[in-house]
Amino acid sequence: MQRISWDQYFMSQSHLLALRSTCQRLMVGATIVRDKRIIAGGYNGSVSGGIHCIDDGCYVIDGHCVRTVHAEINALLQCAKFGVATENAEIYVTHFPCLHCCKSIIQSGIKAVYYAKDYKNHPYAIELFRDAGVSVEKVELEKDTIDLQPNN
Ligand SMILES: [Zn+2]
Ligand SMILES: [Zn+2]
């Protein structure tokens, strides 16, 4: 029996969270980890109690769905809501973070980003992460680790 690695375990959790997404344009999951413990998780979806994209369609402005709170922000806000420190934590995301999430991740004191899929990897985000000393590493979900099939 093969024991699942920490990276695969946390990345699997993010893929599982992505299945809860309510926006059909892209299903994203994020898991915040500190000292090998999951402290928060999030997926991209509407504000609590709001209309879901999957029910009413996306609200698209300039090619972006503006209805949803991104997975990374939702995970960070869960920490804010319940008073959990994110300093020196790590985040596992299914997709490379957008610029807004990149800045929030840096500002929250997170020191490492692990992502499974490249997604419009913005050069400025890469530059900001590098300048802030945040390590960025691609950790793909291994098919034989867990057989989850997100739709993107
Ligand atoms: Zn949407
Ligand atoms: Zn984002």
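Predicted model: local features only at pLDDT ≥ 70, side-chain atom pairs only at ≥ 80, totals over all residues.
Local features are reported only at pLDDT of at least 70 and side-chain atom pairs only at pLDDT 80 or more, whereas totals for chains, interfaces and linings use all residues. Residues are numbered from 1 along each chain as its sequence is written, chains are lettered from A and ligands numbered from 1 in the order in which they are written, and side-chain values use heavy atoms, with hydrogens and water left out.

An open sheet is formed by 5 strands, in the order β2-β1-β5-β6-β7. The pairing is mixed. Helices (H or I, at least four residues) and strands (E, at least two) are DSSP runs, numbered from the N terminus. Two strands pair if DSSP finds at least two bridges between them. Strands β2 (37-43) and β7 (135-138) are the edges, each pairing on one side only. Between neighbouring strands of the sheet the average turn is 20°, direction ignored. Axes are lines fitted to C-alpha atoms, for helices over the stretch in contact, and angles run from 0 to 180 degrees between N-to-C directions.

Helix α1 (residues 6-18) packs on this sheet. Its contacts (heavy atoms within 4.5 Å) involve β1 (29-34), β2, β5 (90-95) and β6. The direction of α1 makes about 145° with that of β1.

Strand β6 (residues 112-117) runs parallel to β7, and 4 bridges join the two. Y115 stands opposite K138 in β7. Strands β5 and β6 also pair in the parallel sense, over 5 bridges. Here Y92 stands opposite Y114 in β6. Strands of a sheet pair through backbone hydrogen bonds, either parallel or antiparallel. Strand β6 is mostly covered, with 5 of its 6 residues buried. Buried means under 20% relative accessible area, exposed over 50% and partly exposed in between (1.4 Å probe, protein chains only).

H95 belongs to strand β5. This residue is buried, at a relative accessible area of 5%. The H95 side chain makes a polar contact with the side chain of T94 (2.8 Å). Such a contact is a pair of N or O atoms within 3.5 Å; within protein, one must be able to donate a hydrogen and the other to accept it, and residues adjacent in sequence count only if both atoms are side-chain atoms.

Two zinc ions were examined. Donors are N, O and S atoms within 2.8 Å of the metal (3.2 Å for Na, K and Ca); water is not among the atoms, so sites may look incomplete. The zinc ion (ligand 1) is coordinated at 2.3 Å by the SG atoms of C23, C53, C58 and C65. Its 4 donor atoms subtend angles of 98 to 119°, so the arrangement is tetrahedral. Four donors count as tetrahedral if all angles lie between 85 and 135 degrees. Ideal angles at a metal are 109.5 degrees for four tetrahedral donors. The donor residues of ligand 1 are spaced C-x29-C-x4-C-x6-C in sequence. C53 lies in helix α2 (residues 53-56) and C65 in strand β4 (residues 64-65), so this pair ties together parts that are 12 residues apart in sequence. Both C53 and C65 are buried.

The zinc ion (ligand 2) has H70 (ND1), C98 (SG) and C101 (SG) as protein donors, lying 2.0 to 2.3 Å from it. Along the chain these donors follow the spacing H-x27-C-x2-C. H70 lies in the loop between β4 and α3 (71-82) and C101 in helix α4 (residues 99-107), so the pair ties together parts that are 31 residues apart in sequence. H70 is partly exposed, at 31% relative accessibility. C101 is buried, at 1%.

T68 also lies in the loop between β4 and α3. T68 is buried, with a relative accessible area of 13%. Not counting residues up to four places away in sequence, T68 touches C23, N44, G45, S46 and C53. T68 and A125 are 57 residues apart in sequence and 20 Å apart in space, C-alpha to C-alpha.

Backbone angles were examined next. Most residues other than glycine have a negative phi. K36, in the loop between β1 and β2, has a positive phi of about 65°. K36 is partly exposed, at 40% relative accessibility. D62, in the loop between β3 (60-61) and β4, has a positive phi of about 50°. D62 is exposed, at 74% relative accessibility.

Technical notes. Tetrahedral: all angles 85-135°; square planar, octahedral: opposite > 155°, others 65-115°.
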